[in-house]
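Please examine the arrangement of helices in the model shown below.

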Amino acid sequence: MLELKNLSFKVIDETGNEKTIIDDVSFTVKDDSFVVITGPNGSGKSTLARLIMGIEKPSAGRIFFDGEDITDKSITERANMGISFALQQPVKFKGIQVIDLLRLAAKKNLTVSQACEYLSFVGLCARDYVNREVNASLSGGELKRIEIATLLARNTKLSVFDEPEAGIDLWSFQSLNRVFENMRMDTKGSILIISHQERILNIADEIIILSGGKIIQSGAKDDILPSLLKDSTQAACSVLEGRA
Amino acid sequence: MLDEIQKRLLREIADLHTVPSGAYNIRSNSKLEARNTTANIDIVSKTEKSGIDIYIKPGTKNESVHIPVVLSESGLKETVYNDFHIGEDCDVVIVAGCGINNCGTGDSEHDGVHRFIVGKNSKVKYVEKHYGEGDGRGKRILNPVTEVYQEEGSSVEMEMVQIKGVDSTVRTTLSKLEKGAKLVVRERLLTHGSQTAVSNYTTELNGEGSSADVVSRSVAKEDSYQKFVSRIVGNAPCTGHTECDAIIMNNARILAVPELEANDLDASLIHEAAIGKIAGEQIIKLETLGLTEQEAEEQIVNGFLK
């Protein structure tokens, strides 16, 4: 279980003024639940994900994972405790092959056929990819799927995905949705996704709406999604379309 | 007989665990340790100077020659001249390399001068590995000179590897290509401590349809210094590409100098050079997989030089 208690994150902007990116945010991700955080661009969603993984350190508040305070723990420590993170823009590595990355993720010497299972799950024709380098020769959609496959290989208690739909083409996006639907059914552990996409919101247990660094609404999908969809105000449309 | 240190050096530079099959010439502490010739490959010691002539008969296919050198006595300095005479229509693998173990105070130096005459339509894969070890104050120095003369339609692939342990290297490589000849060079280099490594490649594309692809991937750590000069001269309708891709760490310094000279209207030449540190996002990604910062750096460097 992940708990955020009164989490805040402030930065000093270029004019020297303090800017609040995350403002006193508290919520809980229960075991084996599927939570989607949505909200307009600039609302602090990605920052929140990076705070959970330890890539950014909060200005105030605490983060607990399975009851343990992890606020001061490093990225590596959090990863080894059972938190995984899929970056919004997957990283490229010259010379490191897809199978190397999957082996590092799984922390064992996966066989080619084991590695291929993870790749097949994310819709990649495994034999074509397993020995490819994770470099610029792969498209955004391919990199994104490999990123998701590394999380499958880790198989941790909590997986955090930062905008899995960002930077990919429509075709890849439609198949990505199927990947999350399958993950929802097949995998154990909690999933926390930052997303604008209605189809991802639709498979959530809970939805949290973030705006201006604050939670403006949260609850069960069935309570939140209808109003989000039916609300014809400019603000609500913007939330779903990812425009602020 | 080779001792354990010499055997280890052999493993590092030639992946040799036992005596190789095929032709070989093993040189240890400036003496001939072992030699084997085959029906198609002859090895003859030079009489006027130190070194060997390797004769590969026309039409020799799928054979290999290993000519490793190991130095385990401190203070040895030698220059060795090895000439490869490769007939027409051959397809051979040549593995050279030098391993130095210097635990003493004197500098150890091996300068190998390798000359290749590659016959028409022959295909050669050449692997050269350098390796140094030993914690003495004496330096480990290697200054290889490679000259390659490629006749019509021949193809040469050179893999030059120096990972750690060599204090000072100046590598000079000159290639001359005739009509339709093809050259591929892949250099992999890692320097650390206060090592220096200089690579000078000159490739002359003299024949119509000749092509060259000279690529270096290197990592410079700590206080080391690397200089990579790759000069491609297009004297005929030809294609040439050279690339230096380097990771810089700590206080290291890297100078990359790609040079192109076109002396023919239809010479098509390209160079690329990129030097940069390891991207912070790369470290973060591997940390999210549970690696420490140091482990992440090792994986990135190992992958880059693979």
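Is the crossing of H3(A) and H6(A) left-handed or right-handed? In this predicted model, the crossing of these two helices is right-handed. The axes of H3(A) and H6(A) lie 7 Å apart, and the packing angle is about 35°. On the H3(A) side, the residues that meet H6(A) are A:Val98, A:Leu101, A:Leu102, A:Ala105 and A:Ala106. Their counterparts in H6(A) are A:Ile146, A:Ala149, A:Thr150, A:Ala153 and A:Arg154.

After the helix comes A:Asn155, which has a positive phi near 50°.

A further partner of H6(A), residues 140–154, is helix H4 of chain A, residues 112–121. The axes of H4(A) and H6(A) come within 9 Å and cross at roughly 125°. H4(A) passes H6(A) in a right-handed crossing. Here A:Tyr118, A:Leu119 and A:Phe121 of H4(A) meet A:Ala149, A:Leu152 and A:Ala153 of H6(A).

The next topic is the contact between the chains. Chain A contributes 20 residues to this contact, and chain B contributes 17 residues. On the side of chain A that touches chain B, the elements giving two or more residues are helix H2 (75–81), strand S6 (83–86), H3 and H6 of chain A. H2(A) gives the most to that side, with four residues.

In chain B, helix H3 comprises residues 293–304. Its 12 residues reach 17 Å from the first C-alpha to the last, close to the 16 Å expected at 1.5 Å a residue. The buried residues in H3(B) are B:Ala296, B:Gln299, B:Ile300 and B:Phe304. They cover an arc of only 130° around the axis, and therefore lie on the same side of H3(B). An α-helix has 3.6 residues a turn, so residues three or four places apart point the same way. The buried residues of H3(B) pack against helix H3 (98–106) of chain A, and also against strand S16 (210–220), strand S18 (238–248) and helix H2 (280–288) of chain B.

Conventions. Residues numbered from 1 in each chain as written. Chains lettered and ligands numbered in written order. Predicted model: local features only at pLDDT ≥ 70, side-chain atom pairs only at ≥ 80, totals over all residues. Expected span 1.5 Å × (residues − 1). Buried ≥ 20, exposed ≤ 12 C-beta atoms within 10 Å, placed from the backbone. Arc of directions from axis to C-beta. Contact = placed C-beta atoms within 7 Å. Axes fitted to C-alpha atoms, helices over the stretch in contact; angles between N-to-C directions. Left-handed = near helix turned anticlockwise from the far one by under 90°.
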